[in-house]
Amino acid sequence: MLLVGTDVEKDVRVYKRKIRAVGQMEIRSDLMDAHLYAFNRTTLQDVLEQKETYRSIRLEVLPYLVKSQLRSAPSGGEGTIVDETGNIVVPPSSNLQCLSQHRAIAPSAFKQDLLPSSGGGTHRCCVYIASKNKYCHRLNSIQAYCDINRDVIGEASHLSGYSFSSHNNIIHPSCVLGSKTTVGPQCMLAEGSQLGDKCGVKRSVIGRHCRIGSNVKIVNSVVMNHVVIEDGCHIQGSVICNNVQLQERAVLKDCQVGAGYTVTTGSDHKSESLARK
């Protein structure tokens, strides 16, 4: 059982029938739901046809499947169906089908063999618990996207496939740096990108085949592929998508710039989302 968010502070009711069904239960509040779910297509379609009012996979469909997995199925007319709360008593002779499959996927969630699966529970739900040496992050905001990019040049640097230089950064051998240009620690420059003279890059990721002029400052930002940044631009705390052009002396702070957008000469933007109409 995984408790997240506000549920941690609430009383949790666990029905004895469910504990008996699985034999052993582990309750944890130190895990994060990654919001990534895989379903059997037929099962999902059946649920949505039965529950026409359901609108949310996370809030409605998934809880329904988790609750229904501990139901017992009729056998010879003597089986008893447990309702979604698990509150109806099932005869001890009944066999319940539980999370017996895929134990190898999440071994920490299974301490011993579960009950035989001959009872025919309606659904089976399993969870993958990533070990501490795996990298997992929920990407649901601009800030999270920036954090992940910084992780790739930090604690999760193995994901990039590149090696750190002596300056604790990643610069692809094909990159070209102008005179007096500095690339600080925890930065990444991908293949084919070029920077002009007297540029400064701090705690930022720059994608493939970008063309960056002279006297450009980039701090705490993500610049995607094929971006053109002309002379004198200043970029801070921003995300710039593919094929964007920043004309001379443009200033961006805490902005998001959509693919293919052109930021005009000398413009100054703060906390804005810029995109083509």
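Start at S221. Leaving aside residues up to four places away in sequence, S221 touches R203, S204, V205, I235, Q236, G237 and S238. The model is predicted, and S221 sits in its loop between β9 (217-219) and β10 (222-223). Is S221 buried or exposed? S221 counts as buried because its relative accessibility is 3%, against a cut-off of under 20%.

Now turn to helix α4, residues 142-152. Its buried residues are A144, C146, I148, N149, D151 and V152. What do they pack against? Their partners are β7 (205-206), β10 and β13 (239-240). V205, one of the residues that S221 touches, falls within the range of β7.

The second largest pocket comes next. Its space is about 240 Å³. Lining this pocket are 15 residues, and the closest to its centre are N149, M188, V205, G207 and R208. Two elements, α4 and β10, each give two or more residues to the lining. The most comes from α4, with three residues. By type, the lining has 10 nonpolar residues, four polar and one charged.

Finally, confidence. The protein chain has a mean pLDDT of 78, and 77% of its residues reach 70 or more. Over residues 72-120, pLDDT stays under 50. The model has 89 contacts beyond four places in sequence for that stretch. Where pLDDT is low, predicted coordinates should not be read in detail.

Note on methods:
Residues numbered from 1 in each chain as written. Predicted model: local features only at pLDDT ≥ 70, side-chain atom pairs only at ≥ 80, totals over all residues. Heavy atoms only, no water. Helix = DSSP H or I, 4+ residues; strand = E, 2+ residues; numbered from the N terminus. Buried < 20%, exposed > 50% of the residue type's maximum accessible area, 1.4 Å probe, protein only. Contact = heavy atoms within 4.5 Å. pLDDT = per-residue confidence, 0-100. 1 Å grid on protein atoms, 1.4 Å probe; cavity = no way out; pocket = protein on both sides within 12 Å on 5 of 7 lines; lining within 4 Å. Points joined across faces, edges and corners; volume = space filled by probe spheres on them. Nonpolar A, V, L, I, M, F, W, Y, C, P; charged D, E, K, R; others polar.
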